[in-house]
Amino acid sequence: MAIEPGPGGHVPMVWSRTNQLIAAAAAELGARAEPLGREHTDYFMRLSHGDRSAIVSKTRSPFLTQVAQGLANNKHLSRELLRARGLPCAEGVLVDEAGDIAGPAVRALLARHGRLVVKPNWGNRGVGVATDVRDLATLARARERARAIDLDEEVLVEPFIAGTNLRVAVIGGQALAAVEVVRPKLQAGRSAAAQVAALNRDPQRGTWSAPSLCPIDQIEADEDLAGHLEVYELDLEAAIPDGREVEITGDELAVIDRTDAVHPEWLAVAASACDLLGVDVGGVDLRGPLAAFAGPPAAAQGSALLLEVNVVPALHLHALPTEGRARPVFAAFVAYCLQLPGAPPPRAQVRV
């Protein structure tokens, strides 16, 4: 983020939305949130309260290990390990840099489900994810895009699960909040560029260049969306053809608090997934019909599943929902990182 000098050459400190929320939560708890060094960086902050002090990096706690972070970032491996522990995880096929996207395993997955999702095995924020893929040609284009983004050029292919995206926030082994994340969908008849421009007029959308407490972000059409559309052989400036609909995987249309509607056993699944992987502050992605999350996982009969555990989760989704009650996740985060009285003990040991 570029920060322009003020009068006299002074460079003001400008925190991102996440760090603004951390600082506000710290102040409410009687703690301090300060820059770590003389030069401003948004990636590190020092929290202190009395004789307690901790360095955090966005929503990454001081207790998280590199092994735990790397394990969670590897979607295929972490899912395999969680499934072996009995958690209801989605199946998937890993295609490495030398693998064949049209090989027998992927073909069998497509034949069984008819609709697939292709994503970088090490990706985040929905970048490089192609949903509702129905043929081998689209699979090949989706693979090339995801492969270019992935750290090891690995691609994960999984079934498309109908329903909604549910994100559960886990801090110190406790599942504290859940939101439904609604993705924007481009409809037939108008260009993607025109539809994105209309979406960006929503006053609830903020920008990276001017950090604010807007709950959702502007959609950057020129950055990720153009490449996303190419997977479906579509163009940013051309009208979406009749009968087509394209989900924008890396952005939000609405964020709806569902904490009180989610069955406790689903919250326990999210907390257990984080605990097993050693992720003490995580965002767990579940996918399935919304009604399935109102009952226990066993009753869903595989229609709702765990997709992944995210390190450095977007806790602002729970603090600034577009609909429903805001949850005090940042206060819980600060209390946990500083180990204030009443906070859970560090939960960052890999247990798988």
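The structure is a predicted model, in which local features need pLDDT of at least 70, side-chain atom pairs count only at pLDDT 80 or more, and totals for chains, interfaces and linings use all residues. Residues are numbered from 1 along each chain as its sequence is written, and side-chain values use heavy atoms, with hydrogens and water left out.

A search of the whole structure turns up 2 aromatic pairs. Rings of Phe, Tyr and Trp (its six-membered ring) count as a pair if their centres lie within 6.5 Å, and planes under 30 degrees apart are called stacked, over 60 edge-to-face and the rest tilted. Phenylalanine 63 and tyrosine 336 make an edge-to-face pair, at 5.3 Å centre to centre and 75° between the planes. Phenylalanine 63 sits in the loop between strand 3 (52–56) and helix 2 (66–73) and tyrosine 336 in helix 11, so this pair ties together parts that are 273 residues apart in sequence. Helices (H or I, at least four residues) and strands (E, at least two) are DSSP runs, numbered from the N terminus. With a relative accessible area of 25%, phenylalanine 63 is partly exposed, while tyrosine 336 is buried at 0%; here buried means under 20% relative accessible area, exposed over 50% and partly exposed in between (1.4 Å probe, protein chains only).

Tryptophan 266 and phenylalanine 293 are also edge-to-face, 5.0 Å centre to centre with 70° between the planes. Tryptophan 266 belongs to helix 8 (residues 264–277) and phenylalanine 293 to the loop between strand 15 (281–288) and helix 9 (297–300), so the pair links parts 27 residues apart in sequence. Tryptophan 266 is buried at 0% relative accessibility, and phenylalanine 293 is buried at 1%.

Back to helix 11 (residues 329–338): 8 of its 10 residues are buried, including Phe330, Phe333 and Tyr336.

Tyrosine 43 tells another story. This residue lies in the loop between strand 1 (32–35) and strand 2 (45–49) and counts as exposed, at 51% relative accessibility. The charged end of lysine 58 sits over the ring of tyrosine 43, 5.0 Å from its centre (the rule asks for NZ of Lys or CZ of Arg within 6 Å of the ring centre and within 35 degrees of the ring normal).

Finally, alanine 142 is found in helix 5 (residues 136–149) and counts as buried, at 1% relative accessibility. Leaving out residues up to four places away in sequence, alanine 142 touches Val118, Ala130 and Val231, where contact means heavy atoms within 4.5 Å.
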